[in-house]
Amino acid sequence: MTSVAAAGEGLAAWIAPSRTAVLVIDIQVDFASPDGALGQYVDMAAVQPAVAAAERLVDAARQARVPVIFVGLFTSPETDSPSWKERMRRRGGDPDNESALCREGEVGSDFYGPKPLPGETVVKKTRYSGFGGAELDARLKALGVDTLVVAGLTTECCVDSTVRDAFSLDYHVFVAADACAAYEADIHAASLKVMELNSAILTDTNAIARAWSV
């Protein structure tokens, strides 16, 4: 899958540091580590290349003085979604157990791979999209940002949900495809295709780093 941005045409201007922020979505222990909650069911080897690419992306952003915002799921029993739990029940799952992901204050909610430095912004969410509340949009507007480079987990869920909402809020959205992952390769590829068709331009960490080094 090739995009204009991946080929480098216009990318340096489109993601200029003066207008851009990087969003790192849900790269947390429960979603990315073999020792996390999903690690007992899912082979986390599938997401490790994306975690490593996200680390490179964050390093490049910091060198270019591009703001990095870490968006993470931080849950509690009080914030669990009743409709999400009922959907799990209707599908034959265990709603209480399956809701206990990234509990705030527990190791599972810790960021994994790239981690925020002191002073970097962390936005906590309780639903799929990072724009579920007003905080993320307000912080981006305060930075004067109109362009986002997005990385994270999982491609078809929280990345896609955040990208769609960002585009609906009139941000220019670029997805670092190699710094995103799903637990199944075909789902990852399909989700990237849908985002490229509807709401984002696909690129990769190497192209982004080159654009920021111009």
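Which residues does Thr 121 touch, not counting residues up to four places away in sequence? In this predicted model, local features need pLDDT of at least 70 and side-chain atom pairs count only at pLDDT 80 or more, whereas totals for chains, interfaces and linings use all residues. Residues are numbered from 1 along each chain as its sequence is written, and side-chain values use heavy atoms, with hydrogens and water left out.

Thr 121 touches Val 68, Ile 69, Phe 70 and Arg 139, residues up to four places away in sequence not being counted; contact means heavy atoms within 4.5 Å. Thr 121 belongs to strand S3, where helices (H or I, at least four residues) and strands (E, at least two) are DSSP runs numbered from the N terminus. Thr 121 is buried, because its relative accessible area is 17% and buried means under 20% relative accessible area, with exposed over 50% and partly exposed in between (1.4 Å probe, protein chains only). In a regular strand the side chains alternate between the two faces of the sheet. Strand S3 has a covered face, made up of Thr 121, Val 123 and Lys 125, and an uncovered face with Val 122 and Lys 124.

The sheet itself is open and consists of 6 strands in the order S3-S2-S1-S4-S5-S6, with parallel pairing; two strands pair if DSSP finds at least two bridges between them. Strand S3 (121–125) and strand S6 (201–203) are the edge strands, each pairing on one side only. On average, neighbouring strands of this sheet are turned by 25° against each other, direction ignored. Axes are lines fitted to C-alpha atoms, for helices over the stretch in contact, and angles run from 0 to 180 degrees between N-to-C directions. Strand S2 (residues 68–73) runs parallel to S3 and is joined to S3 by 5 bridges. Gly 72 has Lys 124 as its bridge partner in S3, and Val 71 stands opposite Val 123 in S3. S4 and S5 also pair in the parallel sense, over 6 bridges, and Val 150 has Val 175 as its bridge partner in S5. Of the 10 residues of S5, 8 are buried.

In soluble globular proteins, nonpolar side chains tend to be buried together. A nonpolar core is a set of buried Ala, Val, Leu, Ile, Met, Phe, Trp, Tyr and Cys residues joined through side-chain atoms within 4.5 Å. The largest such core has 38 residues, and those with the most contacts inside it are Ile 15, Val 22, Leu 57, Val 149 and Trp 212. Helix H3 gives the most to this core, with 8 residues. A second, separate core of 26 residues includes Ile 25, Phe 131, Ala 177 and Met 195.

Ser 161 lies in helix H7 and counts as buried, at 19% relative accessibility. Leaving out residues up to four places away in sequence, Ser 161 touches Tyr 128 and Ser 129. The C-alpha atoms of Ser 161 and Met 195 are separated by 9.8 Å, although these residues are 34 residues apart along the chain.
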